[in-house]
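Visitor: Can you walk me through this one? I want the sheet, the helices and a few individual residues.

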Amino acid sequence: MLVLGSMPGPASLAAGEYYAHARNAFWRVMARVTGVPADAPYRERCAGLVRAGIALWDVVAECRRAGSADHEIRHDSVRLQDVAGWLCRHASVHTVMFNGEFAARMFRRHVQPRLGARGRALRLMQLPSTSPAHASRSEAQKTAIWLAAMRRAGVAPVARAC
């Protein structure tokens, strides 16, 4: 499975780590999936994703934007990652989950058409953004949606400790 975000925000870029903003729910959600605590060192969290069969990347390689929100991305400045090439090299990936609407839209518009039959065979799942900027749902609601999607994709959350 591949989880695609849009573009790391300023906190993530400064830390050199995905989802580094303390209020982003991503690592707390993934802790429920992998069993690796959200506050574990970054390498351990990433290793937990690998053990669970989850790859993590972004659709956008670089762009200009005024702040950290996706709607602030200047579309004329976007340079995409080679997600199509990556997916072709990783044929075992059958599901792509999008962390938010922007990542899903960019993938469907720019990546999926380049994949042909491979792109049509992928299970695409747009999920609510784990960003604190997207407050239309609570973190508990986002977590429930993400966990249900993971189960549908064949990734079962680890059992919680007593």
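Guide: What follows goes from the sheet to the helices and then to single residues.

Visitor: Ground rules before we start?

Guide: This is a predicted model: local features need pLDDT of at least 70, side-chain atom pairs count only at pLDDT 80 or more, and totals for chains, interfaces and linings use all residues. Numbering starts from 1 along each chain as its sequence is written, and side-chain values use heavy atoms, with hydrogens and water left out.

Visitor: Fine. In what order do the strands of the sheet come?

Guide: The order is β2-β1-β5-β6, four strands in an open sheet with parallel pairing. Strands are DSSP runs of E, at least two residues, and helices are runs of H or I, at least four residues, both numbered from the N terminus. Two strands pair if DSSP finds at least two bridges between them.

Visitor: Which strands sit at the edges?

Guide: β2 (55-58) and β6 (123-127) do, each pairing on one side only. Neighbouring strands of this sheet are turned by 25 degrees against each other on average, direction ignored. Axes here are lines fitted to C-alpha atoms, for helices over the stretch in contact, and angles run from 0 to 180 degrees between N-to-C directions.

Visitor: How many bridges join β1 to β2?

Guide: Four, with β1 covering residues 2-5 and the two strands running parallel. L4 has W57 as its bridge partner in β2, and G5 has D58.

Visitor: And the other pairs?

Guide: β1 and β5 share three bridges, in the parallel sense. V3 stands opposite M97 in β5. β5 and β6 share five bridges, also parallel. There, N99 is partnered with L127 in β6.

Visitor: How many residues of β5 are buried?

Guide: Five of its five. Buried means under 20% relative accessible area, exposed over 50%, partly exposed in between, with a 1.4 Å probe and protein chains only. T95, M97 and N99 point one way from β5, and V96 and F98 point the other way.

Visitor: What about the side chains of β2?

Guide: They alternate: L56 and D58 point to one face and are buried.

Visitor: Which residues of α5 are buried?

Guide: F102, A103, A104, M106, F107 and V111. These buried residues pack against β1, β3 (60-62), β4 (79-80), α4 (83-89), β5 and β6.

Visitor: Switching topic. At what angle do α2 and α3 pack?

Guide: At about 50 degrees, with axes 10 Å apart; α2 is residues 26-34 and α3 is residues 42-51. That makes α2 oblique to α3. The classes are roughly parallel under 35 degrees, roughly antiparallel over 145, roughly perpendicular from 65 to 115, and oblique for the rest.

Visitor: Which residues meet there?

Guide: W27, M30 and T34 in α2 meet Y42, R45, C46, G48 and L49 in α3. By class, the contact has five nonpolar, two polar and one charged residues. Ala, Val, Leu, Ile, Met, Phe, Trp, Tyr, Cys and Pro count as nonpolar, Asp, Glu, Lys and Arg as charged, and the others, Gly among them, as polar.

Visitor: Is W27 buried or exposed?

Guide: W27 is buried, with a relative accessible area of 5%. Leaving aside neighbours within four places in sequence, W27 is in contact with Y18, Y19, A38, Y42, R45, C46, L49 and L56. The C-alpha atoms of W27 and Y42 are 9.6 Å apart, and the two are 15 residues apart along the chain.

Visitor: Y19 is on that list. Where is Y19?

Guide: In the loop between α1 and α2. Y19 counts as buried, at 14% relative accessibility. Its phi is near 55 degrees, a positive value in a residue other than glycine. Most residues other than glycine have a negative phi.

Visitor: What does T130 touch?

Guide: Y19, R23, N24, A25, F26, N99, K142 and W146, not counting residues up to four places away in sequence. T130 is in the loop between β6 and α7 (139-152). T130 is buried, at 2% relative accessible area.

Visitor: Last one: where is S6?

Guide: In the loop between β1 and α1 (10-15). S6 is buried, at 7% relative accessible area. S6 and A61 are 55 residues apart in sequence and 8.8 Å apart in space, C-alpha to C-alpha.

Terms used
Contact = heavy atoms within 4.5 Å.
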